[in-house]
Amino acid sequence: MSSRLHNKVALITGATGGIGSATAELFAREGAHLVVTDTAPQPLAELETRIGRGRHGGEVVTAVHDVASAQAWDDVLTTVRERFGRLDVLVNVAGVVDWSGVEATDELTWNRVIDVNQKGTWLGMRAAMPLLRASGRGSVINTSSVMGLIGGGGAAAYTASKGAVRLLSKTAAVEYARDNVRVNSVHPGVIATPMIQDILDEEGDQQPDIVRTPMARAGRADEIAPAMLFLASDESSFVTGSEIVVDGGLTAH
């Protein structure tokens, strides 16, 4: 076991999904203390069992958490303060997707996607920033998407939310640079996670974005987690306002 995050305290939302879970497990192996959150208690309990103290050495705290709620963020940060007294890393992974285009997206769906993906990211930074500033070496990692960089047709609300996360990350990076809080975004391509597994099961390697990907396959969640680790670690101490794209070459066209 290495220790690139030795004694750092990291808060990861959406921690029971594919990318969130892979990130939490890698952070634990690298020595971090973790607060992992999601919307359902049973998957959180299972994650805690996998990465708990007996296996990796770092302390793991779980919390049921709706990232679109300001009060829920306040509650989670209270837990962080009471349990650890500090926060070094915030990883905003929680997200939802809808594949409808502009005309087919109803208002309720639009609001839910924007609330979780865009508003939730902003609420998280706002709630966590006092502790991140106090850390003296804070890092925020916001999960965007290649769909926050390029248009693809369809997924209107999702694309809008992920584009917003990209620029929100940049403006926060400028705002907090002199507070020694770095803010960056990670942009996965087609990743085989539960969020899109039905599509991959149906279309396989003929899924259009996989066809457009030079590496001609979907990525894995454990291929995204190392990018999160780099941005969380002190190795990226001069990296802020950046986009880390992990997409098999999809956006290289």
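The side chains of Asp 222 and Arg 220 meet in a salt bridge, with N and O 2.9 Å apart, a salt bridge being a side-chain nitrogen of Lys or Arg within 4 Å of a carboxyl oxygen of Asp or Glu. Salt bridges that share partners join Arg 217, Arg 220, Asp 222 and Glu 223 into one network. Asp 222 counts as partly exposed because its relative accessibility is 47%, and Arg 220 is partly exposed at 43%; here buried means under 20% relative accessible area, exposed means over 50%, and partly exposed lies in between, with a 1.4 Å probe and protein chains only.

This is a predicted model, in which local features need pLDDT of at least 70 and side-chain atom pairs count only at pLDDT 80 or more, while totals for chains, interfaces and linings use all residues. Residues are numbered from 1 along each chain as its sequence is written, and side-chain values use heavy atoms, with hydrogens and water left out.

A search of the whole structure finds 13 salt bridges, and the table lists three of them.

| Asp 222 | Arg 220 | 2.9 Å |

Helices (H or I, at least four residues) and strands (E, at least two) are DSSP runs, numbered from the N terminus. Glu 59 counts as buried because its relative accessibility is 18%, whereas Arg 83 is partly exposed at 45%.

In helix H2 (residues 41-51), the residues Leu 44, Leu 47 and Ile 51 are buried. They lie on the same side of H2 because they cover an arc of only 60 degrees around the axis, where the arc is that of the directions from the helix axis to the C-beta atoms. Residues three or four places apart point the same way, because an α-helix has 3.6 residues a turn. On the other side of H2, Pro 41, Gln 42 and Thr 49 are exposed.

Turning to helix H7 (residues 197-203), Glu 202 is found there, and this residue counts as exposed because its relative accessibility is 69%.
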